[in-house]
Amino acid sequence: MARMKFLCDAERCIECNGCVTACKNENEVPWGVNRRRVVTINDGVVGAEKSISVACMHCSDAPCMAVCPVDCFYRTDDGVVLHDKDLCIGCGYCFYACPFGAPQFPQAGAFGLRGKMDKCTFCAGGPEGDGTQAEFQKYGRNRLAEGKLPACAEMCSTKALLGGDGDVIADIYRERVTRRGRGSEVWGWGTAYGPGKPGATPPQPQQQPGRS
Amino acid sequence: MRAVILIIAALGLAACGEAEQVVVYKQGKYQGKPDTRSWDNAPPGAELRGSAWTKGNRESWEEAIKTRQLAQHEHKRIYQ
């Protein structure tokens, strides 16, 4: 059973921002909202500078789902965390809860009024008809329904950013680390998909009302 | 005549009922609209490129996605 995850190889990321551009272009993300961004640590320090591409990691035990006061989040059968923008009230709790700073809020009017939350959808659209104009306008492209992977991962020139089934991309990364003999640390994986609390059962996809 | 009066009264009283206009809140449950699954869509361009997966078949969709994922593996991508 596929369980969709992102993996960023800090040894390979060259901070080209190709993933950011691909995401903005593919989903026509509004001005001021960045679903994906590249973070650089130890900037300018020779040998210690690392860049990481960060977006929603679609956590196994997503804190945004836990704190949402209107319960607009759901997890699909393939492990993608999505939300219903018709329910979102733009409170910003998810932004405070997210360890990756993934939720973004477009400015909806004067005086800094926040709009409905926007975040990476793993290019899986949202709760509208797949491939419809309504889905594209609210959530962006639904590439998974077309048998494709997220545009950011497919566009990555150095293949630093891997996206897809956790088992498959972990195998790719493992072989890569074995060949180069270093850089086995995967930033964010422990936080997003870590072991969690002892004895806890892995989260199951939520049964959605009205589905067969 | 009595039946007509009863029907009119029933229809008139129907306006007194107040339909729920807010989401019925259930703690911890997703409240939004249902979503369709990725594999419930027909593969695009099937008539030109052949069908990558069978509509509604999760296993075949996962197999198609896995094939696509392996394109991220440079060694397999180059040598296959």
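**Exercise 1.** In this predicted model, determine which elements of chain A cover the buried residues of α1(A).

*Solution.* Begin with the helix itself: within helix α1 (residues 18–27) of chain A, the buried residues are C19(A), V20(A), A22(A), C23(A), K24(A) and N27(A). Next, look for what lies over them: the cover includes the strands β2 (37–41), β3 (50–54) and β6 (161–165) of chain A, together with the helix α5 (151–155) of that chain. Finally, follow the chain past the helix, where α1(A) gives way to E28(A), a residue with a positive phi near 45°.

**Exercise 2.** Find which residues have the most contacts inside the largest nonpolar core, and then list what V81(A) touches beyond its neighbours within four places in sequence.

*Solution.* The largest nonpolar core holds 57 residues, and those with the most contacts inside it are C19(A), F73(A), V81(A), F122(A), C152(A), L161(A) and L162(A). Turning to V81(A), and setting aside neighbours within four places in sequence, one finds contacts with C56(A), H58(A), C59(A), A62(A), M65(A), F73(A) and R75(A).

**Exercise 3.** Describe the make-up of chain B, and then its side of the contact with chain A.

*Solution.* Chain B has 4 helices and 0 strands, so that its elements read α-α-α-α from the N terminus on, and buried residues make up 16% of its 80 residues. The contact draws 26 residues from chain B and 37 residues from chain A. On the chain B side, the largest share, 7 residues, is supplied by helix α3 (residues 58–69) of chain B, while the residues of that side as a whole divide into 9 nonpolar, 9 polar and 8 charged.

Methods
Residues numbered from 1 in each chain as written. Chains lettered and ligands numbered in written order. Predicted model: local features only at pLDDT ≥ 70, side-chain atom pairs only at ≥ 80, totals over all residues. Contact = placed C-beta atoms within 7 Å. Helix = DSSP H or I, 4+ residues; strand = E, 2+ residues; numbered from the N terminus. Nonpolar A, V, L, I, M, F, W, Y, C, P; charged D, E, K, R; others polar. Core = buried A, V, L, I, M, F, W, Y, C linked by C-beta atoms within 7 Å. Buried ≥ 20, exposed ≤ 12 C-beta atoms within 10 Å, placed from the backbone.
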